[in-house]
Amino acid sequence: MKKQMMMLTITAVAFVAGIGFNNVAMSDVPANYKVAVVDVSAVVAKSTQVQALKKEQQTKTQELQKWLNTVRADVEKQSTKEGKEKLVKKYDAEFAKKQEAIRKNYATKLQAIDKSISETIAKEAKAQNYNLVLSKGTVLYGGDDITASVMKTVK
């Protein structure tokens, strides 16, 4: 019984101390501290740069598919097994190079677009005097939604 009473007392003291520390920590936040939220996925979806990159990627994929069809026809024309194997090896290497070039180009452009969108969000937040911007998907409650104003400025 004494042990239970002692544990209850320690728990109560820890709880009260925790509330006190929380109040002290929250008192450092200025009254005019502004928090904004942005629906980044919506901004990305509306971005003309992203839409153009998607179209470019589709075009390159179609071109690669046409090339593969030509390669298949070329391999089928070979009359010997050795000739086919030699061509397949050659074309496999070419395909890997083409695919890697497309992937690198896409990644580079996507990274540039990401940087541009992040900079636009930061500029918009500073222009509206926000101290903190969070992704809308991570916030359950609160914050001013600045998605629409960011969408207007994103290319």
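The structure contains 4 salt bridges. The model is a predicted one. The points below treat the charged pairs, the aromatic rings, the paired strands and the nonpolar cores in turn.

**Salt bridges**

- Glu-56 pairs with Lys-60 in a salt bridge whose closest N and O atoms are 3.2 Å apart.
- Both Glu-56 and Lys-60 belong to helix 3, where 4 residues, about one turn of the helix, separate them.
- Glu-56 is partly exposed, its relative accessible area being 24%, and Lys-60 is likewise partly exposed, at 22%.
- In another salt bridge, Arg-103 meets Glu-100, with 2.6 Å between the closest N and O atoms.
- Arg-103 and Glu-100 lie 3 residues apart in helix 4, so about one helical turn separates them.
- Arg-103 has a relative accessibility of 46% and therefore counts as partly exposed; Glu-100 is also partly exposed, with a relative accessible area of 33%.
- Lys-136 forms a salt bridge with Asp-145, and the closest N and O atoms of this pair are 2.7 Å apart.
- Lys-136 is partly exposed at a relative accessible area of 37%, and Asp-145 is partly exposed at 42%.

**Aromatic rings**

- The model has 2 aromatic pairs.
- The ring centres of Trp-67 and Tyr-91 are 5.8 Å apart and the ring planes stand at 85°, so this pair is edge-to-face.
- This pair links distant parts of the chain, since Trp-67 is in helix 3 (residues 48–77) and Tyr-91 is in helix 4 (residues 81–127), 24 residues apart.
- Trp-67 counts as buried because its relative accessibility is 18%, under the 20% limit.
- Tyr-91 counts as buried as well, with a relative accessibility of 12%.
- Trp-67 also forms a stacked pair with Phe-95, at 6.4 Å centre to centre and with 5° between the planes.
- That pair likewise links distant parts of the chain, with Trp-67 in helix 3 and Phe-95 in helix 4, 28 residues apart.
- Phe-95 has a relative accessibility of 23% and counts as partly exposed.
- Through these ring pairs, Trp-67, Tyr-91 and Phe-95 are linked into a cluster.
- Elsewhere, a charged side chain meets a ring: Lys-34 lies over the face of Tyr-130, 4.4 Å from the ring centre.

**Surroundings of Tyr-91**

- Leaving aside residues up to four places away in sequence, Tyr-91 touches Trp-67, Val-71, Asp-74 and Val-75.
- The C-alpha atoms of Tyr-91 and Arg-72 are separated by 9.5 Å, and the two residues are 19 residues apart along the chain.

**Paired strands**

- Strand 1 (residues 35–38) pairs with strand 2 (residues 132–135) in the parallel sense, over 4 bridges.
- Val-35 has Leu-132 as its bridge partner in strand 2.
- Strand 1 is also joined by 2 bridges to strand 3 (residues 144–145), and these two strands run parallel.
- Val-37 has Asp-145 as its bridge partner in strand 3; Asp-145 is also the salt-bridge partner of Lys-136.

**Nonpolar cores**

- The largest nonpolar core comprises 13 residues, and those with the most contacts inside it are Val-38, Val-43, Ile-117, Ile-146 and Val-150.
- Strand 1, helix 3 and helix 4 each supply at least two residues of this core.
- Helix 4 gives the most to this core, contributing 4 residues.
- Not counting residues up to four places away in sequence, Val-43 touches Val-38, Ile-117, Thr-147, Val-150, Met-151 and Val-154.
- A second, separate core has 7 residues, among them Trp-67, Val-71, Val-75 and Ile-102.
- In soluble globular proteins, nonpolar side chains tend to be buried together.

Key: Residues numbered from 1 in each chain as written. Predicted model: local features only at pLDDT ≥ 70, side-chain atom pairs only at ≥ 80, totals over all residues. Heavy atoms only, no water. Phe/Tyr/Trp six-rings, centres within 6.5 Å; stacked < 30°, edge-to-face > 60°. Buried < 20%, exposed > 50% of the residue type's maximum accessible area, 1.4 Å probe, protein only. Lys NZ or Arg CZ within 6 Å of the ring centre and 35° of its normal. Pairing = 2+ DSSP bridges. Core = buried A, V, L, I, M, F, W, Y, C linked by side-chain atoms within 4.5 Å. Contact = heavy atoms within 4.5 Å. Salt bridge = Lys/Arg side-chain N within 4 Å of Asp/Glu carboxyl O.
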